[in-house]
Amino acid sequence: MNPNITRGSRIHGLLAYLYGPGRHNEHTDPHLVGSWDGFAPDPGCNPNATLKHLANTLDLRPSQLGDALHKRHVWHCSVRAAPEDRELTDKEWDMIARRVLHAVGVSSEGDDDGCRWVAVRHARDHIHIAATLVRGDLRKVYPRDDYPKAQAACRKLEAELGLRRLNPGDRTAAKRASTGERRKAERLNLPALPSDTLRTAVRQALAAAGTEEDFFDRLAAARILVRHKKGPSGDVLGYSVALPDDDTPIWYAGSTLAPDLSLPKIRQALPDTTAPLSVQAARASRPEAARRHATSRLDRAQHALARGADDAADDLAGTGAVLDALAATANDPTRTEILQAARAFERATRSHVRAENADLRALRAAAREIIHAGTPRRDDGAAAAAILTALLLTVAAAARWHAARGHAQQAAAARSTAQHLRSAYRMAAASPMATLRGRAAHLPAEQRARLDAVVATTPAGTGHGTRSTPPMDALTATLAEAQEAGYDPETLLREASDARELRTAVSVEDVLVWRIRRLARLPSPDGPNDDAGRAANRPRTAKEQAASRPNPTR
């Protein structure tokens with residue numbers, strides 16, 4: 001169940017909406033399922049009761065306060081069941097309303113002076129609780145931390161009633177979009193919520209920026225409106241962003257978009273403003289080189305997360321920066337899936353675990369390198385496939401790292417990220433993997449047999465060549481290419497297999513192919529200037545076949 005809490009000042013207006021037809025005529029049979037004393041007038045069932053009568057009854061105590069009444073004295077909480085949950089009875093909804101009100105401190109069982117409230121049901125899957133925050137002794141009530149308390153109550157109720165159990169939060173998630181924001185996006189036919197679009201733009205600017213000035217310049221270049229909050233001394237203390245549109249811009253503070261996007265947090269994430277661009281970034285003249293460097297950094301992050309130590313927390317934020325950088329520079333058709341993956345993993349980058357003495361600069365530097373290097377060739381899926389494979393393993397390690405600490409929402413976000421990354425990988429790897437499998441068909445029979453035997457001797461190749469296990473043609477072709485480059489296939493395959501765990505890999509062959517190609521620095525399989533690739537796809541002379549046979553001394 002999902003509670004949503006708002007505050008207001010007009011109980012009659014709220015009741016008019018709850019008992020009305022709804023914005024799309026979706027309200028059916030509005031009626032009370034519970035009230036503070038069980039005898040509140042119900043305009044939905046009693047023809048002699050009116051909305052004004054019910055509103056005046058609820059507003060009796062607030063009206064007695066006169067000018068001393070606080071403005072936002074109407075407390076409104078909707079509680080919605082999951083679509084797959086069974087239909088709850090009115091009696092069960094009454095119990096749910098009472099438990100939520102007790103948890104947040106608005107009204108407790110047996111407290112005759114508690115706040116007056118009603119619970120209205122006008123649909124099969126949810127109720128609305130409306131309360132006035134004045135007690136019988138005319139003391140005003142200020143519910144504190146009501147949202148997390150309502151969430152905790154709903155988690156217990158889900159277990160008791162056999163409903164779908166949602167993941168408990170830890171108050172590190174970004175704020176949910178308001179109803180007004182959702183309506184505006186619907187009215188303007190926007191492809192995404194403004195807060196989601198702004199959050200993505202800010203994260204991509206942060207991933208690319210080297211200084212605070214560079215960060216704000218990149219936001220302006222992305223046509224994002226920026227407004228600074230300055231102190232008396234003129235120093236910038238914070239910032240807000242908005243989308244440029246014909247309607248009235250809605251400004252969002254960085255901390256509103258996400259807890260780690262406040263200006264102080266951004267200043268911590270930025271590199272030393274006096275330091276020049278890193279040597280690696282300066283040398284990265286090609287997008288492929290930048291992605292290869294980031295892949296090596298991701299392998300280290302995966303190893304740190306697999307160890308399960310708390311100091312891997314910074315690697316989560318760094319992995320998110322790499323995803324933001326890839327989303328900003330990816331080609332179609334993988335761009336959409338990578339963008340969705342970056343947005344999903346954003347939730348997995350934050351928790352209450354704080355790393356000590358950890359170097360969070362390495363992955364952020366790799367992310368800046370990716371953006372500075374630009375977009376890769378549209379026909380080069382190998383560079384994308386290699387880094388997506390590393391990201392998949394890193395994200396899987398992140399999911400286990402969070403799950404071990406009870407971070408249910410973050411673990412679920414990491415698993416959702418993996419689904420988008422798998423979709424992107426399948427699109428990126430289709431062409432290069434097909435090219436490699438085609439090369440395997442042209443290998444000399446003797447060389448093919450030797451390499452198949454090498455694959456079969458490794459743990460990854462157990463069962464290779466049987467009917468139940470498909471042949472690893474792409475891996476065989478990659479080993480042949482590495483052998484021609486002077487590497488020993490067996491040693492290289494063992495090194496790639498032992499580098500990191502393979503249990504969580506969807507395809508062991510795919511992981512090993514890209515690890516080996518990175519270790520041996522092999523060129524893109526379908527690159528336009530890949531002479532070795534063209535040679536592997538044409539008929540070979542007898543002299544070439546003899547030269548390609550493995551040298552046992554090498």
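Modeller: The protein has 23 helices and 8 strands, where helices (H or I, at least four residues) and strands (E, at least two) are DSSP runs numbered from the N terminus. This is a predicted model, in which local features need pLDDT of at least 70, side-chain atom pairs count only at pLDDT 80 or more, and totals for chains, interfaces and linings use all residues. Residues are numbered from 1 along each chain as its sequence is written, and side-chain values use heavy atoms, leaving out hydrogens and water.

Biologist: What percentage of the 554 residues is buried?

Modeller: Buried means under 20% relative accessible area, exposed over 50%, and partly exposed in between (1.4 Å probe, protein chains only). By that rule, the buried share of the 554 residues is 50%.

Biologist: How are α19 and α20 oriented to each other?

Modeller: Helix α19 (residues 473-484) and helix α20 (residues 489-499) pack with axes 9 Å apart and at an angle of about 120°. Angles under 35 degrees count as roughly parallel, over 145 as roughly antiparallel, 65 to 115 as roughly perpendicular and the rest as oblique. The two helices, α19 and α20, are therefore oblique.

Biologist: Is G406 buried or exposed?

Modeller: G406 lies in the loop between α16 (381-404) and α17 (408-441). Its relative accessible area is 55%, so G406 is exposed.

Terms used: Axes are lines fitted to C-alpha atoms, for helices over the stretch in contact, and angles run from 0 to 180 degrees between N-to-C directions.
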